[in-house]
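Please work through the exercises below with the sequence and the model at hand. Each task is followed by a solution in steps.

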Amino acid sequence: MTGDAILEVHDLVVRYGSQRAVDGLSFTVLRGEIFGLLGPNGAGKTSTLNVIEGLRRADAGSVMVEGIDAAHAPLSIKAMLGVQLQASSFQPELTIEQITRLYAGLYAVKLTRRQILDRLQAAGLGQEAAKPFRKLSGGQQQRFSLMVATLHDARILLLDEPTTGLDPQSRRQLWDRIEDSRGAGGSVLLTTHSMEEAQAVCDRVAIMDHGRLLALGSPRELVDEHRSDPRVVAVARGDVTLEDVFIGLTGRTVRD
């Protein structure tokens, strides 16, 4: 990490009627950093991503990417982002080679067939180029989605629950791909419910609930900072973990 900010979220507010889904949220993602946004269902993570992605406008506050205000230059911001949604919506009957060519065209990236096949090979999909997207396994679909999100050398990747439903082998492979993206000079903002994932790949994490920031730091820093918090001690079983900190701060109540 170089220490300079690529994404800055300041006092973000998102309302749905009288409800504040995001309530004055602020955080910064550094260049070359993998940053995790953690929170139970309904915490405001998806609403935050929606504003960053330009899918909705903030009711207050600001989002800056590379110093550019997302509200004032949404097209410029979108050109800098790579987005992988939790549920992929690619054309199921097209082959993944055809889909890659289609999205390269949408991103105005000129790729020869050889370059497309090389990218598929690098994603572990070289033998699947002629296979329709719908026939890929869950892990293959996630790896393909991440590859498409990086076709245009995005400055920052936004990953929404990227490994949900994957088996351990596929999850580890996707972690490697995320690390590769950071190694190429990009930054990553991901949401996850997996504390194991957050500890394995994130440099820093923000824990949020009810639209507000509760804690921010590296996984180790958060464990050290909160290991004596009575709320955390009450839920810990043995040595305090990031999951204990998460549950201690956000509560035991199951969210729908």
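The model is predicted, so local features need pLDDT of at least 70, side-chain atom pairs count only at pLDDT 80 or more, and totals for chains, interfaces and linings use all residues. Residues are numbered from 1 along each chain as its sequence is written, and side-chain values use heavy atoms, with hydrogens and water left out.

**Exercise 1. Helix 3**

Task: Determine which residues of helix 3 are buried and what covers them.

Solution: 
1. Helices are DSSP runs of H or I with at least four residues, strands are runs of E with at least two, and both are numbered from the N terminus.
2. Just after helix 3, Ala108 adopts a positive phi of about 60 degrees.

**Exercise 2. Salt bridges**

Task: Describe the salt bridge between Glu97 and Arg113 and the one between Arg220 and Asp224.

Solution: 
1. A salt bridge is a side-chain nitrogen of Lys or Arg within 4 Å of a carboxyl oxygen of Asp or Glu; the structure holds 17.
2. Glu97 and Arg113 meet at 2.7 Å, N to O. This pair links distant parts of the chain, with Glu97 in helix 3 and Arg113 in helix 4, 16 residues apart.
3. Glu97 is buried, at 10% relative accessible area, whereas Arg113 is exposed, at 51%.
4. Arg220 and Asp224 meet at 3.5 Å, N to O. Both lie in helix 8 (residues 219-226), four residues apart, about one turn of the helix.
5. Asp224 is partly exposed, at 41% relative accessibility.

**Exercise 3. The largest pocket**

Task: State how much space lies in the largest pocket and which residues are closest to its centre.

Solution: 
1. The largest pocket holds about 560 Å³ of space.
2. It has 20 lining residues, and Val83, Gln84, Leu85, Tyr103 and Tyr107 are the closest to its centre.
3. Strand 6 gives the largest share of the lining, four residues.

Terms used
Buried means under 20% relative accessible area, exposed over 50%, partly exposed in between (1.4 Å probe, protein chains only). Contact means heavy atoms within 4.5 Å. On a 1 Å grid over the protein atoms alone, a cavity is a set of points where a 1.4 Å probe fits but cannot get out, and a pocket is an open set with protein on both sides within 12 Å along at least five of seven lines; lining residues have an atom within 4 Å of a point. Grid points are joined across faces, edges and corners, and a volume is the space filled by probe spheres set on the points.
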